[in-house]
Amino acid sequence: MTGAGRTYRLFAILLAVTALLFVVDMTVGSTSLSIVAVWDALWGDADPTTVKIVRSIRLIKALVAVLAGAALSVSGMQMQTLFRNPLAGPYVLGISSGASLGVALFILGAPLLGASAVQVQSLGVAGAAWAGAAAVLLVIAAVSARMKDIMVVLILGMMFSSGVGAVVQVLQYLSREEALKSFVVWTMGSLGEVTAPQLVILAAAVAAGLLTGIAALKPLNLLMLGEQYAATMGVDLRRSRAVIFISTTLLAGTVTAFCGPIGFVGLAVPHVVRTMFGNADCRVVMPGCIVLGACTMLVCDILSKAGGIPINAVTALLGIPVVVWIVLKNRN
Amino acid sequence: MVEFENLTVAHGRNILVENASGRFNAAEATALIGRNGAGKSSLLRVLAGIDRPKDGTVRVAGKDLASMSAAERARTVAFVTTQRVRISNLSCASVVGMGRAPYTDWIGRLSDADRRAVEAALAAVGMSDYASRTMDTMSDGECQRVMIARALAQDTPVILLDEPTSFLDLPGRYELAGLLSGIAREGGKTVVYSTHELDIARERCDAIALVDPPLLVMRPSADTICKIFHITDKK
């Protein structure tokens, strides 16, 4: 079939572009390197400083970008499909506000109890963020198990995250300048704070999230038609919802924990994939999200490094036109 | 055949059908009529196994619906809801292919036999030419036919439809009712659908069931129907 041929061709092109961007991403930074220099440094064929910069800073950051882009996009696809809402994203369930609360309690709350911000930070912002995200999702999942209508879950999730956001504001208001600054910097997002051992954790969590997501692909596809249709086609709604929530927490929760809340990528990429492939089937959209998500995040990282601006500002500036396009396209 | 015994259906605290017994026959299209809010949809959802009855049992082909697994139920009863499916970038063939879900593997891969079932289902509703069209580019009537094809592809002895003729123009309604009667007769299926069109129910269906809370009247007399719908003979 020509459709399948086109799909494979698109995947091949996207993979090639991702590989190219991956290398280009490593050339950009405080010292510009040529692609050849990066390539040599990767294999240890350069002066020790360059090797160190490329291998233990830029390579890790590029890998984080790939993982974050893929994870957020897949999570966005899951939420859009589950809630049948084109404007849903990885954070609709309150994962980012939960993570913010965790980090706020950690960075802002601890100094209130007498510990210094720097002391506390070294203990692990990521752990606090992940705990916050997981806690929020547990509450949502508990509510969701009792609710038949998924729209109620969506509204509760949004209200809950606004409530959590208010608590975070109170904490911010009460905090001292030093702690407040490190919190605000976290909310701007960064791909560069991840260390090599943390990268292993991030990669493992994202892999687990993706595998869980793949296991839930068939029910997710049927959920496109709505929960009633899915139920009469043999989908166990509660079980599928739970599996999809777990997958999204592993994906978006972990990325948010390590990189801060990164907006718009998870919302915009799935739509671009659907249009690009001309197919809404999740079995095509999910791998598409993995590759295009990685691509997008690498582009954002390159722009962020080149312009010296936070990653969150770049994703927003690139993502907002896409969201506007979605709204205009769905007008009818 | 769908049999129900001592069936009580409620919506919240509202009893809609109380202690009803009867059956919907195979190879017949039955129209489910009743006033707005009488409980047609609630009854259909119970018969489809989406909602539990407050009391009583529903048996399909002799087997208790409540004792079936979700997968087994999906191979027994297909349901077409009032929800309009208008998903861009999703082809008709994909939607109808989803109807094969109870028979496919963990990721929903279609076998050659599944593909043939999809083609046959699209042909049965006269939509073969639309296989690669996407769901956002079609009229309401065409969408409705695709959703019915999806139910056919599910290959179940029972098909339930909630107001399949709404959103359609008058000729469209009659065509669809004729299609559903044909599906019932030719496939030996039990087809039950709710409708507000009394003419269609009378002319195109093999049987009528009337929901008049708390009663479910099987094959009601013309007088009963006229009374419920306030139809009087104007001379």
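Two residues are taken to be in contact if their C-beta atoms, placed from the backbone, lie within 7 Å. The structure is a predicted model, in which local features need pLDDT of at least 70 and side-chain atom pairs count only at pLDDT 80 or more, while totals for chains, interfaces and linings use all residues. Residues are numbered from 1 along each chain as its sequence is written, and chains are lettered from A in the order in which they are written.

Chain B has 8 helices and 10 strands, these being DSSP runs (H or I, at least four residues, for helices; E, at least two, for strands) numbered from the N terminus. The C-alpha trace of this chain spans about 55 × 45 × 30 Å along its principal axes. Of its 235 residues, 44% count as buried, that is, with 20 or more other C-beta atoms within 10 Å of their own, whereas 12 or fewer makes a residue exposed and a count in between partly exposed. Among contacts in chain B that link residues at least 6 apart in sequence, 70% join residues at least 24 apart.

Within strand β2 (residues 14–24) of chain B lies Ser21(B), which is partly exposed because 13 other C-beta atoms are found within 10 Å. When residues up to four places away in sequence are left out, Ser21(B) touches Phe4(B), Glu5(B), Asn6(B) and Leu7(B). The C-alpha atoms of Ser21(B) and Asn6(B) are separated by 5.3 Å, although the two residues stand 15 residues apart along the chain.

The contact between the chains takes 22 residues from chain A and 24 residues from chain B. On the side of chain A that touches chain B, the elements giving two or more residues are α10 (217–223), α11 (227–232) and α13 (265–277) of chain A.
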